[in-house]
Amino acid sequence: MNEIKPEKWRAPSNIALVKYWGKHGVQLPMNPSISFTLDKAYTETEVLFLPDGERNIDFLFEGKEKHGFLPKLQQFLVRIEPYCPWLSRYSLEISTSNSFPHSSGIASSASGMAALSLCITAFEAKMEGTLHDLNKASTLARLGSGSACRSLRGGFNLWGACPDVSPSSDEYAVNLAQVHPDFLELQDTILLVDKGEKKVSSSLGHKLMDGHPYAGQRFLQAKSNTSNLLKILKMGDFMALAELMEQEALALHAMMMTSSPHFMLFMPSSIAIIRRVMELRAEGLHISFTVDAGANIHLIYPKVFSTEIMEIVQHELLVYCHAGAYLCDRVGQGPIDLNT
Ligand code: 2P0
């Protein structure tokens, strides 16, 4: 009898430059978003597919059973069933771990759902003798967590139908091929201002956009920023990228500050860092920031300025970090097949 082998993949997280905030239907975005894939922040997932017809799920996170994650996993499996009906004949033994700490402000749902989706689509391709379909992997990942669909390929990825890019889709993300080489070396130093639990879950955050008084304008702004960012990515104009990326991050937070209920996710230290970054750029330094739905600040800058900017981090910005904690990342190459 053939031994059943597990499927094993590594998938990175990603950081959005144009933000996804607001959804409709089954995990469909209200506006397109663009992110880059990270390099050092990833999830590794191994899945053993047992054809026993029992539909049991065993889930280990960093070697330990984690029941808190099961409802999200069950919901994911229900949502993907129309795409993978064969799954209903299997029990799954899933084992997963992250390269980055919990509550670091890095989207573990993005890397986690991307890695799990890759295990499923790779297994399916082997079983059916077809090519591994990364658009399908991205579609499945989206059904687990919207931002996860942008973690299936390296470099820069666009999720959402966009008239400037063909093909592009609300169902899955596509890779952007026309990106200036300097941008493929962008650095992301994540200053960990707050290591606490998320104050606003993504699902609540997206819901806050339903009926938000500024939602219509926000979706138009994100569409326009997507078109503009596509041009900026081709040209490699860092200062233009910085302006757009910061407007997007601040718009995301402005939406949360003006929703009902409203949230203020910045800490005083987040604002101190943001103000210093703006000053430094006004002085001509190529440095910028983005923020997700939390207090931690991602410093984004070209590789050539790494030494200078890391000195500023050490001497001026670490005081704002919780226990001096920060992570160094950069644009990554995308998922890795760990089966070989
Ligand atoms: C993004 N975020 O574009 C935005 C910016 C956070 C801020 O997508 O409900 O975890 O699983 O589809 O993808 C976080 O939301 O939400 C997110 P779900 P997700 O990266």
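Colleague: Where is P167 found?
Modeller: P167 lies in the loop between β8 (156-159) and β9 (173-175). Please keep in mind that this is a predicted model.

Colleague: And what is the peptide bond from S166 to P167, cis or trans?
Modeller: The bond from S166 to P167 is cis, and its omega is near 0°. A cis peptide bond also joins S260 and P261, with omega about 0°. P261 belongs to the loop between α6 (238-257) and α7 (268-282).

Colleague: Why point these out?
Modeller: Most peptide bonds are trans, and most residues other than glycine have a negative phi. E62 sits in the loop between β5 (57-61) and β6 (64-65).

Colleague: New topic, the ligand. How many residues surround it?
Modeller: There are 17 residues around the ligand, and the closest are Y20, K23, G146, S147 and R150.

Colleague: What are they by class?
Modeller: The shell around the ligand is made up of five nonpolar, seven polar and five charged residues.

Colleague: Which side chains have a polar atom at 2.7 Å from a ligand oxygen?
Modeller: K23 places a polar side-chain atom 2.7 Å from an oxygen atom of the ligand. R150 also has a polar side-chain atom 2.7 Å from a ligand oxygen atom. For H206, a polar side-chain atom lies 3.1 Å from an oxygen atom of the ligand.

Colleague: How much of the ligand does the protein cover?
Modeller: On its own the ligand has 470 Å² of accessible area, and the protein covers 93% of that.

Colleague: Where does the ligand lie relative to domain 1 and domain 2?
Modeller: The ligand lies between them, because domain 1 (7-179) and domain 2 (182-330) both contribute residues to its shell.

Colleague: Now the sheet with β10 in it. What is its strand order?
Modeller: The order is β11-β12-β10-β13, in an open sheet of four strands with antiparallel pairing.

Colleague: Which strands stand at the edges?
Modeller: Those are β11 (288-291) and β13 (326-330). Each has a single partner strand, so one side of each has no neighbour in the sheet. On average, neighbouring strands of this sheet are turned by 25° against each other, direction ignored.

Colleague: How many bridges join β10 to β13?
Modeller: Five bridges join β10 (residues 187-191) to β13, and the two strands run antiparallel. One example is T189, whose bridge partner in β13 is C328.

Methods
Residues numbered from 1 in each chain as written. Predicted model: local features only at pLDDT ≥ 70, side-chain atom pairs only at ≥ 80, totals over all residues. Heavy atoms only, no water. Near = heavy atom within 4 Å. Polar contact = N/O pair within 3.5 Å; in protein donor to acceptor, adjacent residues only side chain to side chain. Areas by Shrake-Rupley, 256 points an atom, 1.4 Å probe, with all protein chains shown as cover. Nonpolar A, V, L, I, M, F, W, Y, C, P; charged D, E, K, R; others polar. Domains from an automatic or database assignment. Pairing = 2+ DSSP bridges. Axes fitted to C-alpha atoms, helices over the stretch in contact; angles between N-to-C directions.
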